Structure formats: C-alpha cells, structure tokens
Amino acid sequence: MSRGIVVVASSRAGKPSRRAAQRESTLLEIRREGRRRLVSEGEAGVTLRPIARALGLTAPALYRYYASRDDLLLDLIADLYAELTEGMERASAGPLPQDLAARTVAVTWEFRRWARANPREFQLVFATPVGTGEDSRTERLDACGQRFGRVYQTLFAEIWQRAPFPIPADDDLDPRLRAQLATWAADNDIPLPLGALAMFLGCWVRIYGLISLEVFGHLGFALEDVTPMYDAMMAELGARLGLPWRAEFGCPEPG
C-alpha cells in the first residue's frame with residue numbers, strides 16, 4: 001500500500017466493512033480517472049485537483065485517499081504491471097503448456113500486443129526509474145518488476161532444463177559481466193549457468209529493445225510495418241535457444 005492510503009480495519013474477520021468497501025471503490029475510481037487522463041494527456045495530465053473535480057470530490061477529500069500525485073502514480077504503475085503480467089501469465093499457461101516454443105511466442109506476443117495497445121501506459125511503467133528515491137517506492141516498483149520478470153525467468157529456466165543449448169563458458173565471459181551475472185543469480189536464487197543467464201539477458205534486451213522502438217515510433221524512418229522484423233527476431237532467438245520454430249508462429253524458418 002502506498003503512502004497516504006489508510007487501511008481501514010474490517011468490522012468482521014474475513015469480510016471488509018462497508019466503509020472499507022466504499023473506500024476501495026473510491027480508490028479504484030480515482031485510479032481509473034488517473035489512467036484516463038494518462039491516456040488522453042500523458043503523465044503530466046495525471047494531477048490530483050482535476051481528478052477530484054471529475055469525480056465530484058473536493059481536493060481535501062481526495063487527499064484523504066492519496067496524499068500526493070506520486071502516490072497515485074505509484075498505484076497506477078502497480079495496476080498496470082499487474083494487468084500486463086497477468087496477461088503474460090495467462091499466455092504462458094495457454095493451451096500448449098508443454099510446448100516451450102509456442103509458450104515463448106505467446107508470452108512475447110502478449111507483451112508486444114499490450115505495449116502497442118497501451119503506449120502511454122507502457123511509457124509510464126517502463127520509463128519510470130527504479131533504484132532511486134524513497135525506499136518504499138523503490139521496493140514496491142522492484143516487487144512489481146520482479147513478478148513481471150519471473151514470467152520470462154521461469155520460462156527461460158524451463159527451456160534450459162529441458163534441453164540445454166550451447167552457451168559460453170564462465171571463463172569466456174567478460175569478468176565485469178560475469179561478476180554481475182553471479183550476483184543476479186545469487187540474489188534471485190536462479191539455478192542456471194552464467195552463460196545461460198547471459199544468453200537469456202541478451203534475448204530480453206533484443207525483445208524489449210525492438211518493442212520499445214516500435215511503441216515509441218523510432219523505426220518509422222525505415223519501417224511502416226515492424227511485424228516482419230519482429231518475426232525474424234523471434235525466429236533467430238528461437239534458433240539460439242534450441243526451440244523448434246514452426247510456420248504457424250508467423251515466423252520464417254531459421255536459415
């Protein structure tokens with residue numbers, strides 16, 4: 001729960017009081033209006049007084065729900081992370097749970113679909129710095145990011161464990177990269193060789209980089225339709241990971 005939001009105790013164990021339910025309903029309406037303004041005006045349009053007016057609240061009344069604009073933005077980011085992550089989790093658990101290639105395609109396509117459908121939301125979530133500012137804010141954003149990251153982390157670990165693919169030896173990695181990968185693996189209890197982590201991180205950089213360039217319109221100088229490049233990238237990454245690519249994925253067979 002972000003700063004400025006008071007948790008109201010339940011009147012009966014296991015069942016929220018009417019006041020608590022009303023409060024949660026109002027919080028949800030505030031966030032919905034905040035998202036509407038984010039979409040129509042960008043992050044700068046998400047300010048408390050106009051939101052209060054739109055909902056028929058006075059500014060002092062709204063401040064009883066959110067003490068600051070930063071608190072509201074933090075809750076919006078958490079909501080958006082949850083929406084995106086839940087969609088990717090559903091994609092990963094789809095009709096072919098044993099087909100790792102199909103799951104990789106489905107998860108990544110859902111990430112791209114959500115980003116393209118929600119460019120302002122994508123910008124708020126992925127352009128918000130983490131690791132700076134107040135500890136509570138950093139910890140909450142980190143927790144949201146970790147849940148999102150676990151979708152790919154779990155999938156990549158399953159790919160490696162089921163059918164290991166060629167990776168660089170630890171000694172062949174740049175020592176600066178090797179040390180950071182070792183810390184990442186230890187801090188997150190990732191039971192994978194460092195070479196596999198380097199491979200997976202490289203795949204993520206490619207996926208996120210292309211989708212970000214597409215969402216922000218930075219490929220328009222060359223491409224009207226980014227999908228062929230996206231398909232080719234997915235086919236290439238699949239080949240690196242030893243995933244059997246099929247025509248129904250919409251990707252060319254790796255050459």
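Q: How many cavities of 30 Å³ or more does the count come to?
A: One cavity of 30 Å³ or more. Keep in mind that this is a predicted model.

Q: What volume does the largest cavity have?
A: About 50 Å³ of space lies in the largest cavity.

Q: Which residues line the largest cavity?
A: The lining is T104, F156, C203, I207, M234, L237, G238, L241 and W245.

Q: Which elements give two or more residues to that lining?
A: Those are α9 and α10 (227-240). α10 gives the most, with three residues.

Q: C203 is in that lining. Is C203 buried or exposed?
A: C203 counts as buried, because its relative accessibility is 2% and the cut-off is under 20%.

Q: And C144, buried or exposed?
A: C144 is at 16% relative accessibility, so C144 counts as buried too.

Q: How many disulfides turn up in the whole structure?
A: The search finds zero disulfides.

Q: Back to L241. What does L241 touch, leaving out residues up to four places away in sequence?
A: L241 touches F156, I159, F165, M199, F200 and C203. Of these, F156 and C203 also line the largest cavity, as does L241 itself.

Q: Which members of the largest nonpolar core touch the most other members?
A: F111 and L241, out of 69 residues in that core.

Q: Which domains does this core draw on?
A: Domain 1 (18-67) and domain 2 (70-249). Each supplies at least three residues.

Q: Which residues are closest to its centre?
A: G145, Q146, F148, G149 and W204, out of the 25 residues that line the largest pocket.

Q: Which helices each supply at least two residues of that lining?
A: α6 (119-126), α7 (135-162), α8 (175-188) and α9 (194-215).

Q: Which one gives the most?
A: α7, with ten residues.

Q: Zooming out, what does the secondary structure of the protein chain come to?
A: Ten helices and zero strands. Along the sequence the pattern reads α-α-α-α-α-α-α-α-α-α.

Q: What share of the protein chain counts as buried?
A: 42% of its 255 residues.

Q: Last one. Among contacts between residues at least 6 apart in sequence, what share joins residues at least 24 apart?
A: That share is 63% in the protein chain.

Methods: Residues numbered from 1 in each chain as written. Predicted model: local features only at pLDDT ≥ 70, side-chain atom pairs only at ≥ 80, totals over all residues. Heavy atoms only, no water. Core = buried A, V, L, I, M, F, W, Y, C linked by side-chain atoms within 4.5 Å. Buried < 20%, exposed > 50% of the residue type's maximum accessible area, 1.4 Å probe, protein only. Domains from an automatic or database assignment. Contact = heavy atoms within 4.5 Å. Disulfide = S-S within 2.5 Å. 1 Å grid on protein atoms, 1.4 Å probe; cavity = no way out; pocket = protein on both sides within 12 Å on 5 of 7 lines; lining within 4 Å. Helix = DSSP H or I, 4+ residues; strand = E, 2+ residues; numbered from the N terminus. Points joined across faces, edges and corners; volume = space filled by probe spheres on them.
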